[in-house]
Amino acid sequence: MSTSSSVHQSSPNTDDALNAPAGASTTEIDTATGNYSPRLYNDDLAPVTRRTWRIYDIFAMWMQDIHSITVYTFAAALFFMGLNGIQVFIALAVSVVIIWGLMNLSGLAGQRTGVPFPVLARSSFGVWGANVPAMIRATIAVIYYGILTYLGSTGLQIALLRLSYGAFEPMTKPSFLGLSALGWLCFALMWIIQLAVVRRGMEAIRKFQDWAGPAVWVVMFVLMIWMIIKAGGHISFNLSPHQEQGWGLVHSMVAAIALTVSFFATFLVNFADFGRLAPNKKTIIRGNFFGLPVNFILFAIVSVTVTSASISVFGEAITDPVALIQRTDSTTAILIGAMVFVIATIGINIVADFISCAYDFANLAPRRINFFRGGVLAAVLSVLPLPWHLYNNPDSIAYFVGGLGAFLGPLFGVLMVDYWIIKRAHIDIDDLYTESPSGKYHFLRGFNPRALIAVTVATIPAAILALIPYFSAWAAFSWVIGAALAAVAHLALSWRQRAPKQVTA
(Lines give C-alpha, C1' and ligand atoms only; values in the text may rest on other atoms or scores of the structure.)
Protein backbone atom coordinates (compact mmCIF):
# COMPACT_ATOMS: atom_id res chain seq x y z
CA MET A 1 0.00 0.00 0.00
CA SER A 2 1.35 3.38 -0.95
CA THR A 3 0.08 6.84 -0.23
CA SER A 4 2.43 8.68 -2.54
CA SER A 5 4.65 8.05 -5.51
CA SER A 6 7.08 10.94 -5.75
CA VAL A 7 8.53 13.77 -3.73
CA HIS A 8 9.38 17.40 -4.18
CA GLN A 9 12.55 19.32 -3.72
CA SER A 10 11.52 22.19 -1.49
CA SER A 11 8.64 23.21 0.69
CA PRO A 12 5.81 24.51 -1.53
CA ASN A 13 5.70 27.96 0.02
CA THR A 14 4.82 29.80 -3.16
CA ASP A 15 1.54 31.56 -3.76
CA ASP A 16 0.70 28.97 -6.42
CA ALA A 17 0.92 26.16 -3.89
CA LEU A 18 -1.05 27.98 -1.20
CA ASN A 19 -3.77 29.30 -3.48
CA ALA A 20 -4.25 26.34 -5.78
CA PRO A 21 -7.82 25.90 -7.06
CA ALA A 22 -10.08 24.07 -4.68
CA GLY A 23 -10.76 21.47 -7.36
CA ALA A 24 -7.12 20.60 -7.86
CA SER A 25 -6.39 17.01 -6.93
CA THR A 26 -2.67 16.86 -7.49
CA THR A 27 0.37 19.01 -6.97
CA GLU A 28 3.07 19.03 -9.61
CA ILE A 29 6.12 18.20 -7.51
CA ASP A 30 8.56 15.58 -8.74
CA THR A 31 12.22 14.93 -8.21
CA ALA A 32 14.64 12.04 -8.19
CA THR A 33 14.87 10.01 -5.00
CA GLY A 34 18.26 8.45 -5.68
CA ASN A 35 19.98 10.36 -2.87
CA TYR A 36 17.36 9.54 -0.27
CA SER A 37 18.34 7.15 2.49
CA PRO A 38 16.22 3.98 2.65
CA ARG A 39 16.51 4.32 6.43
CA LEU A 40 14.49 7.55 6.17
CA TYR A 41 12.31 7.09 3.11
CA ASN A 42 9.56 4.92 1.72
CA ASP A 43 6.55 5.72 -0.44
CA ASP A 44 4.28 6.25 2.56
CA LEU A 45 6.62 8.75 4.23
CA ALA A 46 7.24 10.68 1.00
CA PRO A 47 5.46 13.99 0.36
CA VAL A 48 2.08 13.35 -1.23
CA THR A 49 1.46 14.15 -4.86
CA ARG A 50 -2.28 13.40 -4.86
CA ARG A 51 -4.16 15.85 -2.65
CA THR A 52 -7.73 14.58 -2.78
CA TRP A 53 -9.21 15.85 0.48
CA ARG A 54 -11.76 18.68 0.17
CA ILE A 55 -13.44 20.93 2.71
CA TYR A 56 -16.17 18.34 3.27
CA ASP A 57 -13.62 15.56 3.81
CA ILE A 58 -11.91 17.49 6.62
CA PHE A 59 -15.31 18.44 8.02
CA ALA A 60 -16.35 14.76 7.91
CA MET A 61 -13.07 13.77 9.58
CA TRP A 62 -13.89 16.06 12.50
CA MET A 63 -17.44 14.71 12.63
CA GLN A 64 -15.92 11.25 12.82
CA ASP A 65 -13.57 12.29 15.61
CA ILE A 66 -16.04 14.37 17.63
CA HIS A 67 -19.14 12.20 17.30
CA SER A 68 -17.92 9.66 19.82
CA ILE A 69 -18.69 8.38 23.29
CA THR A 70 -15.57 10.05 24.69
CA VAL A 71 -16.49 13.53 23.42
CA TYR A 72 -20.12 13.02 24.45
CA THR A 73 -19.04 12.19 28.00
CA PHE A 74 -16.44 14.97 28.10
CA ALA A 75 -18.90 17.67 27.03
CA ALA A 76 -21.45 16.57 29.63
CA ALA A 77 -18.77 16.39 32.36
CA LEU A 78 -17.97 20.11 31.98
CA PHE A 79 -21.38 20.89 33.46
CA PHE A 80 -20.35 19.27 36.73
CA MET A 81 -17.46 21.71 37.32
CA GLY A 82 -19.64 24.22 39.12
CA LEU A 83 -20.66 26.03 35.91
CA ASN A 84 -24.12 26.79 34.59
CA GLY A 85 -25.17 26.27 30.99
CA ILE A 86 -24.23 29.71 29.68
CA GLN A 87 -20.81 29.57 31.33
CA VAL A 88 -20.03 26.15 29.86
CA PHE A 89 -21.02 27.24 26.37
CA ILE A 90 -18.85 30.36 26.68
CA ALA A 91 -15.92 28.17 27.75
CA LEU A 92 -16.56 25.76 24.88
CA ALA A 93 -16.82 28.57 22.33
CA VAL A 94 -13.57 30.20 23.46
CA SER A 95 -11.67 26.92 23.64
CA VAL A 96 -12.82 25.60 20.28
CA VAL A 97 -11.82 28.86 18.54
CA ILE A 98 -8.37 28.50 20.13
CA ILE A 99 -8.24 24.87 18.96
CA TRP A 100 -9.26 25.94 15.47
CA GLY A 101 -6.40 28.43 15.27
CA LEU A 102 -3.82 25.99 16.63
CA MET A 103 -5.06 23.18 14.40
CA ASN A 104 -4.68 25.46 11.37
CA LEU A 105 -1.02 26.06 12.27
CA SER A 106 -0.39 22.32 12.49
CA GLY A 107 -2.39 21.44 9.39
CA LEU A 108 -0.84 24.16 7.22
CA ALA A 109 2.65 22.92 8.07
CA GLY A 110 1.61 19.56 6.62
CA GLN A 111 -0.10 21.16 3.63
CA ARG A 112 2.89 23.30 2.70
CA THR A 113 5.42 20.45 2.98
CA GLY A 114 3.25 17.49 2.03
CA VAL A 115 4.94 15.28 4.64
CA PRO A 116 3.46 13.37 7.61
CA PHE A 117 4.08 14.38 11.22
CA PRO A 118 7.16 12.21 11.98
CA VAL A 119 8.92 13.45 8.83
CA LEU A 120 8.01 17.06 9.60
CA ALA A 121 9.41 16.53 13.10
CA ARG A 122 12.82 15.76 11.56
CA SER A 123 13.24 19.44 10.76
CA SER A 124 12.86 20.27 14.47
CA PHE A 125 14.34 17.26 16.27
CA GLY A 126 16.77 15.89 13.68
CA VAL A 127 16.40 13.03 11.22
CA TRP A 128 16.88 10.47 14.01
CA GLY A 129 15.68 12.63 16.89
CA ALA A 130 12.22 12.79 15.31
CA ASN A 131 11.64 9.27 16.57
CA VAL A 132 11.41 10.70 20.11
CA PRO A 133 8.21 12.74 19.54
CA ALA A 134 6.92 10.08 17.13
CA MET A 135 7.19 7.34 19.76
CA ILE A 136 5.62 9.52 22.46
CA ARG A 137 2.67 10.15 20.15
CA ALA A 138 2.55 6.48 19.08
CA THR A 139 2.55 5.20 22.67
CA ILE A 140 -0.46 7.35 23.52
CA ALA A 141 -2.19 6.34 20.29
CA VAL A 142 -1.62 2.62 20.99
CA ILE A 143 -3.24 2.91 24.43
CA TYR A 144 -6.16 4.88 23.01
CA TYR A 145 -6.51 2.40 20.14
CA GLY A 146 -6.97 -0.47 22.56
CA ILE A 147 -9.43 1.42 24.77
CA LEU A 148 -11.59 2.51 21.84
CA THR A 149 -11.50 -0.97 20.30
CA TYR A 150 -12.82 -2.27 23.62
CA LEU A 151 -15.52 0.43 23.77
CA GLY A 152 -16.65 -0.42 20.25
CA SER A 153 -16.76 -4.11 21.16
CA THR A 154 -19.27 -3.40 23.94
CA GLY A 155 -21.66 -2.09 21.28
CA LEU A 156 -21.23 -5.32 19.35
CA GLN A 157 -21.99 -7.29 22.53
CA ILE A 158 -25.22 -5.36 23.04
CA ALA A 159 -26.29 -6.07 19.45
CA LEU A 160 -25.42 -9.78 19.61
CA LEU A 161 -27.17 -10.32 22.93
CA ARG A 162 -30.33 -8.60 21.71
CA LEU A 163 -30.37 -10.38 18.34
CA SER A 164 -29.72 -13.84 19.84
CA TYR A 165 -32.46 -13.48 22.47
CA GLY A 166 -30.07 -14.70 25.16
CA ALA A 167 -28.24 -17.41 23.20
CA PHE A 168 -24.92 -15.66 23.83
CA GLU A 169 -25.70 -15.08 27.51
CA PRO A 170 -23.62 -18.08 28.74
CA MET A 171 -20.57 -16.58 27.00
CA THR A 172 -20.75 -13.52 29.26
CA LYS A 173 -19.90 -15.50 32.39
CA PRO A 174 -16.42 -17.05 31.94
CA SER A 175 -13.49 -14.68 32.22
CA PHE A 176 -9.97 -14.78 30.80
CA LEU A 177 -7.66 -11.91 31.73
CA GLY A 178 -10.69 -9.94 32.87
CA LEU A 179 -12.79 -10.32 29.71
CA SER A 180 -15.59 -12.79 29.01
CA ALA A 181 -15.60 -15.16 26.04
CA LEU A 182 -18.17 -12.95 24.30
CA GLY A 183 -16.06 -9.92 25.15
CA TRP A 184 -13.01 -11.50 23.52
CA LEU A 185 -15.05 -12.45 20.45
CA CYS A 186 -16.41 -8.92 20.00
CA PHE A 187 -13.02 -7.36 20.69
CA ALA A 188 -11.47 -9.59 18.01
CA LEU A 189 -14.23 -8.66 15.55
CA MET A 190 -13.65 -4.95 16.13
CA TRP A 191 -9.91 -5.50 15.75
CA ILE A 192 -10.36 -7.24 12.38
CA ILE A 193 -13.00 -4.81 11.06
CA GLN A 194 -10.76 -1.81 11.70
CA LEU A 195 -7.82 -3.39 9.89
CA ALA A 196 -10.08 -4.27 6.95
CA VAL A 197 -11.14 -0.61 6.64
CA VAL A 198 -7.58 0.74 6.58
CA ARG A 199 -6.11 -2.04 4.43
CA ARG A 200 -6.66 0.03 1.29
CA GLY A 201 -5.07 3.21 2.64
CA MET A 202 -6.02 6.84 3.21
CA GLU A 203 -8.42 7.05 0.28
CA ALA A 204 -10.56 4.26 1.72
CA ILE A 205 -10.48 5.99 5.10
CA ARG A 206 -11.67 9.23 3.49
CA LYS A 207 -14.63 7.48 1.86
CA PHE A 208 -15.53 5.68 5.09
CA GLN A 209 -15.59 8.83 7.22
CA ASP A 210 -17.58 10.82 4.64
CA TRP A 211 -20.73 8.87 5.51
CA ALA A 212 -19.95 7.53 9.01
CA GLY A 213 -19.75 10.95 10.69
CA PRO A 214 -23.14 12.21 9.45
CA ALA A 215 -24.73 8.86 10.38
CA VAL A 216 -23.97 9.51 14.05
CA TRP A 217 -25.53 12.98 13.77
CA VAL A 218 -28.81 11.43 12.61
CA VAL A 219 -28.91 9.02 15.54
CA MET A 220 -27.97 11.74 18.04
CA PHE A 221 -30.71 14.10 16.83
CA VAL A 222 -33.28 11.30 16.97
CA LEU A 223 -32.06 10.39 20.48
CA MET A 224 -32.29 14.05 21.58
CA ILE A 225 -35.85 14.46 20.27
CA TRP A 226 -36.92 11.18 21.88
CA MET A 227 -35.42 12.18 25.24
CA ILE A 228 -37.00 15.66 25.16
CA ILE A 229 -40.40 14.06 24.52
CA LYS A 230 -39.86 11.51 27.31
CA ALA A 231 -38.83 14.34 29.67
CA GLY A 232 -41.94 16.31 28.79
CA GLY A 233 -39.78 19.25 27.78
CA HIS A 234 -38.26 19.59 31.27
CA ILE A 235 -34.65 20.37 30.32
CA SER A 236 -32.18 22.23 32.50
CA PHE A 237 -28.60 23.05 31.58
CA ASN A 238 -27.62 23.56 35.22
CA LEU A 239 -26.43 20.04 35.94
CA SER A 240 -23.82 20.82 38.58
CA PRO A 241 -24.87 20.17 42.21
CA HIS A 242 -23.13 23.42 43.23
CA GLN A 243 -22.47 26.75 41.53
CA GLU A 244 -19.02 28.31 41.70
CA GLN A 245 -18.72 31.99 42.61
CA GLY A 246 -15.97 34.62 42.52
CA TRP A 247 -12.44 33.34 41.90
CA GLY A 248 -13.69 29.77 42.02
CA LEU A 249 -15.89 30.55 39.02
CA VAL A 250 -12.98 32.16 37.15
CA HIS A 251 -10.77 29.12 37.86
CA SER A 252 -13.45 26.69 36.68
CA MET A 253 -14.06 28.67 33.49
CA VAL A 254 -10.37 28.88 32.60
CA ALA A 255 -9.86 25.24 33.60
CA ALA A 256 -12.74 24.19 31.32
CA ILE A 257 -11.12 26.06 28.42
CA ALA A 258 -7.70 24.53 29.14
CA LEU A 259 -9.15 21.02 29.50
CA THR A 260 -10.98 21.30 26.19
CA VAL A 261 -7.80 22.41 24.39
CA SER A 262 -5.89 19.59 26.08
CA PHE A 263 -8.58 17.12 24.98
CA PHE A 264 -7.46 17.72 21.38
CA ALA A 265 -3.74 17.46 22.27
CA THR A 266 -3.19 14.30 20.24
CA PHE A 267 -4.56 15.80 17.02
CA LEU A 268 -2.73 19.09 17.54
CA VAL A 269 0.61 17.26 17.36
CA ASN A 270 0.00 15.19 14.24
CA PHE A 271 -2.65 17.05 12.24
CA ALA A 272 -0.01 17.43 9.51
CA ASP A 273 -0.91 13.80 8.66
CA PHE A 274 -4.23 15.14 7.37
CA GLY A 275 -3.28 18.66 6.33
CA ARG A 276 -0.83 17.21 3.79
CA LEU A 277 -3.78 15.76 1.88
CA ALA A 278 -5.46 19.14 1.29
CA PRO A 279 -4.80 20.96 -2.02
CA ASN A 280 -4.62 24.45 -0.50
CA LYS A 281 -4.79 26.65 2.59
CA LYS A 282 -8.49 27.46 2.18
CA THR A 283 -9.46 23.79 2.35
CA ILE A 284 -7.83 23.35 5.75
CA ILE A 285 -9.09 26.58 7.32
CA ARG A 286 -12.68 26.15 6.15
CA GLY A 287 -12.80 22.41 6.77
CA ASN A 288 -11.50 22.98 10.30
CA PHE A 289 -13.98 25.81 10.88
CA PHE A 290 -17.04 23.73 10.04
CA GLY A 291 -15.61 20.65 11.74
CA LEU A 292 -14.47 22.35 14.96
CA PRO A 293 -16.27 25.54 16.13
CA VAL A 294 -19.54 24.74 14.35
CA ASN A 295 -19.66 20.97 14.70
CA PHE A 296 -18.18 20.66 18.19
CA ILE A 297 -20.47 23.23 19.79
CA LEU A 298 -23.58 21.73 18.16
CA PHE A 299 -22.60 18.23 19.26
CA ALA A 300 -21.94 19.49 22.79
CA ILE A 301 -25.41 21.07 22.89
CA VAL A 302 -27.00 17.79 21.78
CA SER A 303 -24.94 15.77 24.27
CA VAL A 304 -25.82 17.99 27.19
CA THR A 305 -29.50 18.18 26.22
CA VAL A 306 -29.71 14.38 26.21
CA THR A 307 -27.81 14.12 29.51
CA SER A 308 -30.07 16.73 31.12
CA ALA A 309 -33.20 14.95 29.87
CA SER A 310 -31.91 11.67 31.30
CA ILE A 311 -32.12 13.20 34.79
CA SER A 312 -35.82 13.91 34.32
CA VAL A 313 -36.55 10.56 32.68
CA PHE A 314 -34.38 8.14 34.68
CA GLY A 315 -33.58 10.12 37.81
CA GLU A 316 -29.83 10.20 37.13
CA ALA A 317 -27.42 11.81 34.67
CA ILE A 318 -26.44 9.18 32.08
CA THR A 319 -23.39 10.34 30.16
CA ASP A 320 -22.92 7.16 28.11
CA PRO A 321 -25.17 7.22 25.02
CA VAL A 322 -24.90 3.45 24.53
CA ALA A 323 -26.12 2.86 28.11
CA LEU A 324 -28.94 5.31 27.41
CA ILE A 325 -30.00 3.52 24.24
CA GLN A 326 -30.06 0.22 26.17
CA ARG A 327 -32.85 1.63 28.34
CA THR A 328 -35.25 1.96 25.42
CA ASP A 329 -37.98 -0.61 24.89
CA SER A 330 -37.38 -0.91 21.14
CA THR A 331 -35.11 -3.68 19.89
CA THR A 332 -34.76 -1.85 16.59
CA ALA A 333 -33.65 1.35 18.33
CA ILE A 334 -31.12 -0.55 20.45
CA LEU A 335 -29.65 -2.33 17.43
CA ILE A 336 -29.44 0.78 15.25
CA GLY A 337 -28.04 2.90 18.06
CA ALA A 338 -25.46 0.29 19.10
CA MET A 339 -24.25 -0.30 15.54
CA VAL A 340 -24.01 3.41 14.73
CA PHE A 341 -21.86 4.00 17.78
CA VAL A 342 -19.74 0.99 16.82
CA ILE A 343 -19.20 2.62 13.42
CA ALA A 344 -18.41 5.94 15.12
CA THR A 345 -15.85 4.25 17.38
CA ILE A 346 -14.21 2.55 14.41
CA GLY A 347 -13.99 5.91 12.66
CA ILE A 348 -12.43 7.84 15.53
CA ASN A 349 -10.02 4.99 16.29
CA ILE A 350 -8.76 4.92 12.72
CA VAL A 351 -8.54 8.70 12.35
CA ALA A 352 -7.14 9.57 15.77
CA ASP A 353 -4.98 6.54 16.53
CA PHE A 354 -4.32 4.11 13.68
CA ILE A 355 -3.07 6.72 11.21
CA SER A 356 -0.70 8.28 13.71
CA CYS A 357 0.73 4.91 14.73
CA ALA A 358 1.09 3.81 11.12
CA TYR A 359 3.29 6.77 10.20
CA ASP A 360 5.14 6.86 13.54
CA PHE A 361 6.16 3.20 13.41
CA ALA A 362 6.98 3.42 9.70
CA ASN A 363 9.35 6.26 10.58
CA LEU A 364 11.33 3.88 12.83
CA ALA A 365 12.28 1.51 10.01
CA PRO A 366 11.00 2.65 6.59
CA ARG A 367 12.64 -0.27 4.76
CA ARG A 368 10.67 -2.84 6.74
CA ILE A 369 7.57 -1.01 7.98
CA ASN A 370 5.11 0.69 5.66
CA PHE A 371 1.85 2.45 6.56
CA PHE A 372 -0.25 -0.71 6.94
CA ARG A 373 2.41 -2.73 8.78
CA GLY A 374 2.89 0.14 11.20
CA GLY A 375 -0.85 0.14 11.88
CA VAL A 376 -0.92 -3.64 12.39
CA LEU A 377 1.97 -3.35 14.84
CA ALA A 378 -0.02 -0.74 16.77
CA ALA A 379 -3.12 -2.96 16.74
CA VAL A 380 -1.13 -5.89 18.18
CA LEU A 381 0.51 -3.76 20.86
CA SER A 382 -2.85 -2.24 21.84
CA VAL A 383 -3.99 -5.58 23.29
CA LEU A 384 -1.03 -5.97 25.64
CA PRO A 385 -2.10 -3.36 28.28
CA LEU A 386 -5.49 -5.14 28.54
CA PRO A 387 -7.36 -1.91 27.70
CA TRP A 388 -10.61 -2.99 29.41
CA HIS A 389 -8.75 -2.86 32.73
CA LEU A 390 -7.48 0.64 31.95
CA TYR A 391 -10.92 1.89 30.97
CA ASN A 392 -12.63 0.44 34.03
CA ASN A 393 -10.02 1.83 36.42
CA PRO A 394 -10.81 5.51 37.09
CA ASP A 395 -7.34 6.17 38.51
CA SER A 396 -5.62 4.80 35.40
CA ILE A 397 -7.81 6.89 33.11
CA ALA A 398 -7.25 10.02 35.20
CA TYR A 399 -3.46 9.63 35.10
CA PHE A 400 -3.50 8.75 31.40
CA VAL A 401 -5.58 11.77 30.41
CA GLY A 402 -3.53 14.00 32.69
CA GLY A 403 -0.34 12.75 31.11
CA LEU A 404 -1.63 13.57 27.63
CA GLY A 405 -1.25 17.28 28.09
CA ALA A 406 2.02 17.01 29.98
CA PHE A 407 3.78 15.04 27.25
CA LEU A 408 2.09 16.33 24.10
CA GLY A 409 2.02 20.03 24.93
CA PRO A 410 5.83 20.42 24.85
CA LEU A 411 6.02 18.59 21.52
CA PHE A 412 3.48 20.94 19.98
CA GLY A 413 5.27 23.99 21.38
CA VAL A 414 8.63 23.00 19.87
CA LEU A 415 7.19 21.90 16.51
CA MET A 416 5.18 25.07 15.89
CA VAL A 417 7.80 27.54 17.11
CA ASP A 418 10.48 25.78 15.11
CA TYR A 419 8.48 25.65 11.88
CA TRP A 420 6.74 29.05 11.91
CA ILE A 421 9.31 31.25 13.73
CA ILE A 422 12.75 29.63 13.64
CA LYS A 423 12.48 28.28 10.09
CA ARG A 424 9.91 30.84 8.90
CA ALA A 425 7.81 28.07 7.30
CA HIS A 426 10.62 27.10 4.93
CA ILE A 427 11.96 23.54 4.87
CA ASP A 428 14.26 21.85 2.38
CA ILE A 429 12.39 18.64 1.74
CA ASP A 430 15.35 16.73 0.31
CA ASP A 431 17.28 17.18 3.55
CA LEU A 432 14.49 15.46 5.49
CA TYR A 433 15.41 12.20 3.77
CA THR A 434 19.21 12.24 3.93
CA GLU A 435 21.43 10.94 6.72
CA SER A 436 24.41 12.84 5.38
CA PRO A 437 26.21 14.86 8.09
CA SER A 438 26.00 17.85 5.74
CA GLY A 439 22.19 17.73 5.74
CA LYS A 440 20.41 20.69 7.34
CA TYR A 441 18.53 18.48 9.77
CA HIS A 442 21.39 16.22 10.81
CA PHE A 443 22.29 18.59 13.68
CA LEU A 444 24.37 16.55 16.15
CA ARG A 445 24.54 12.95 14.90
CA GLY A 446 20.95 13.20 13.71
CA PHE A 447 19.58 14.75 16.91
CA ASN A 448 18.78 18.39 17.67
CA PRO A 449 19.84 18.85 21.32
CA ARG A 450 18.08 22.24 21.55
CA ALA A 451 14.68 20.76 20.78
CA LEU A 452 15.21 17.80 23.11
CA ILE A 453 16.34 20.09 25.95
CA ALA A 454 13.31 22.34 25.44
CA VAL A 455 10.93 19.36 25.56
CA THR A 456 12.59 17.95 28.68
CA VAL A 457 12.60 21.31 30.49
CA ALA A 458 8.89 21.74 29.76
CA THR A 459 7.71 18.16 30.31
CA ILE A 460 9.05 17.79 33.86
CA PRO A 461 7.00 20.61 35.46
CA ALA A 462 3.97 19.85 33.28
CA ALA A 463 4.04 16.18 34.32
CA ILE A 464 4.40 17.14 37.99
CA LEU A 465 1.32 19.35 37.75
CA ALA A 466 -0.66 16.70 35.89
CA LEU A 467 0.22 13.57 37.83
CA ILE A 468 0.86 14.58 41.45
CA PRO A 469 -2.43 14.95 43.39
CA TYR A 470 -1.08 17.85 45.47
CA PHE A 471 -1.14 20.03 42.34
CA SER A 472 -4.58 18.87 41.19
CA ALA A 473 -5.84 22.47 40.96
CA TRP A 474 -3.27 23.04 38.21
CA ALA A 475 -3.63 19.70 36.43
CA ALA A 476 -6.03 21.11 33.84
CA PHE A 477 -3.34 23.53 32.66
CA SER A 478 -0.59 20.95 32.05
CA TRP A 479 -0.90 21.13 28.25
CA VAL A 480 -0.88 24.95 28.14
CA ILE A 481 2.05 25.22 30.56
CA GLY A 482 4.02 22.50 28.79
CA ALA A 483 3.46 23.98 25.33
CA ALA A 484 4.32 27.52 26.46
CA LEU A 485 7.47 26.50 28.37
CA ALA A 486 8.74 24.38 25.47
CA ALA A 487 8.05 27.12 22.93
CA VAL A 488 9.87 29.77 24.99
CA ALA A 489 12.80 27.46 25.77
CA HIS A 490 13.24 26.35 22.17
CA LEU A 491 12.95 29.92 20.92
CA ALA A 492 15.62 31.08 23.37
CA LEU A 493 17.97 28.21 22.53
CA SER A 494 17.51 28.47 18.76
CA TRP A 495 17.11 32.21 18.19
CA ARG A 496 20.44 32.56 16.39
CA GLN A 497 19.53 29.71 14.03
CA ARG A 498 16.53 31.55 12.57
CA ALA A 499 16.17 31.27 8.83
CA PRO A 500 16.48 34.53 6.86
CA LYS A 501 13.30 36.14 5.62
CA GLN A 502 12.24 34.95 2.20
CA VAL A 503 12.36 37.77 -0.34
CA THR A 504 9.92 37.48 -3.22
CA ALA A 505 10.20 39.35 -6.47
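## Close-up views of a predicted model

Arginine 206 and aspartate 210 are both buried. The model shown in these views is predicted.

**View 1. Arginine 206 pairs with aspartate 210 inside helix H9.** The two residues form a salt bridge, and their closest N and O atoms are 3.6 Å apart. Arginine 206 and aspartate 210 are four residues apart in helix H9, so about one helical turn separates them. Arginine 206 has a relative accessibility of 14%, which counts as buried because the limit is under 20%.

**View 2. Aspartate 57 reaches arginine 206 from another helix.** Aspartate 57 forms a salt bridge with arginine 206. Here the closest N and O atoms are 3.3 Å apart. Aspartate 57 belongs to helix H2 (residues 55-66), while arginine 206 belongs to helix H9 (residues 202-230). The pair therefore ties together parts that are 149 residues apart in sequence. Aspartate 57 is buried, at a relative accessible area of 3%. Side chains of opposite charge can pair when their charged atoms come close.

**View 3. Aspartate 418 and lysine 423 form a salt bridge.** The closest N and O atoms of this pair are 2.7 Å apart. Aspartate 418 is buried, with a relative accessible area of 1%. Lysine 423 also counts as buried, at 12% relative accessibility. Elsewhere, salt bridges that share partners join Asp57, Arg206 and Asp210 into one network. The count for the structure comes to five salt bridges.

**View 4. The largest nonpolar core holds 147 residues.** Which of its members touch the most others? They are Trp62, Met103, Met202, Phe267, Phe271 and Phe274. Helix H15 (residues 331-364) gives the most to this core, with 18 residues. A second, separate core has five residues, among them Tyr150, Leu179, Leu386 and Trp388.

View 5. Residues up to four places away in sequence are not counted here. Methionine 103 touches Trp62, Phe264, Phe267, Leu268 and Phe271, among others. Asn288 and Leu292 are also on its list of partners. Methionine 103 is one of the residues that touch the most other members of the largest nonpolar core.

**View 6. Asparagine 104 is a buried residue of helix H4.** This helix spans residues 85-113. Asparagine 104 has 9% relative accessibility, so it counts as buried. What does asparagine 104 contact, leaving aside its neighbours within four places in sequence? Its contacts are Ile284, Ile285 and Asn288. Asn288 is also touched by methionine 103.

View 7. The patch covers about 380 Å². Phe289, Phe290, Val294, Leu298 and Ile301 make it. Valine 294 has its place in helix H13 (residues 281-314). Valine 294 is partly exposed, with a relative accessible area of 32%.

**View 8. Phenylalanine 314 is another residue of helix H13.** Phenylalanine 314 lies in this helix. Leaving aside neighbours within four places in sequence, phenylalanine 314 is in contact with Met227, Leu324 and Arg327. Tryptophan 211 is 103 residues from phenylalanine 314 in sequence. In space, the two are 32 Å apart, C-alpha to C-alpha.

**View 9. Leucine 177 has a positive phi.** The angle is near 60°, in a residue other than glycine. Leucine 177 is found in the loop between strand S1 (175-176) and strand S2 (179-180). With 45% relative accessibility, leucine 177 counts as partly exposed.

**View 10. Leucine 386 also has a positive phi.** Its value is near 50°, again in a residue other than glycine. Leucine 386 lies in the loop between helix H16 (371-381) and helix H17 (387-391). At 19% relative accessibility, leucine 386 counts as buried, because the limit is under 20%.

**View 11. Cysteine 186 and cysteine 357 are buried.** Cysteine 186 counts as buried at 0% relative accessibility. Cysteine 357 is buried too, with a relative accessible area of 0%. How many disulfides does the structure hold? The number is zero. A disulfide is a covalent bond between the sulfur atoms of two cysteines.

Key:
Residues are numbered from 1 along each chain as its sequence is written. This is a predicted model: local features need pLDDT of at least 70, side-chain atom pairs count only at pLDDT 80 or more; totals for chains, interfaces and linings use all residues. Side-chain values use heavy atoms; hydrogens and water are left out. A disulfide is a pair of cysteine sulfur atoms within 2.5 Å. Buried means under 20% relative accessible area, exposed over 50%, partly exposed in between (1.4 Å probe, protein chains only). A nonpolar core is a set of buried Ala, Val, Leu, Ile, Met, Phe, Trp, Tyr and Cys residues joined through side-chain atoms within 4.5 Å. Helices (H or I, at least four residues) and strands (E, at least two) are DSSP runs, numbered from the N terminus. Contact means heavy atoms within 4.5 Å. Patches are made of residues with over 30% relative accessible area and no salt bridge: like charges are joined within 9 Å, nonpolar side chains (Val, Leu, Ile, Met, Phe, Trp, Tyr) within 5 Å. Accessible areas come from the Shrake-Rupley method with a 1.4 Å probe; for residues, only the protein chains shown count as cover. A salt bridge is a side-chain nitrogen of Lys or Arg within 4 Å of a carboxyl oxygen of Asp or Glu.
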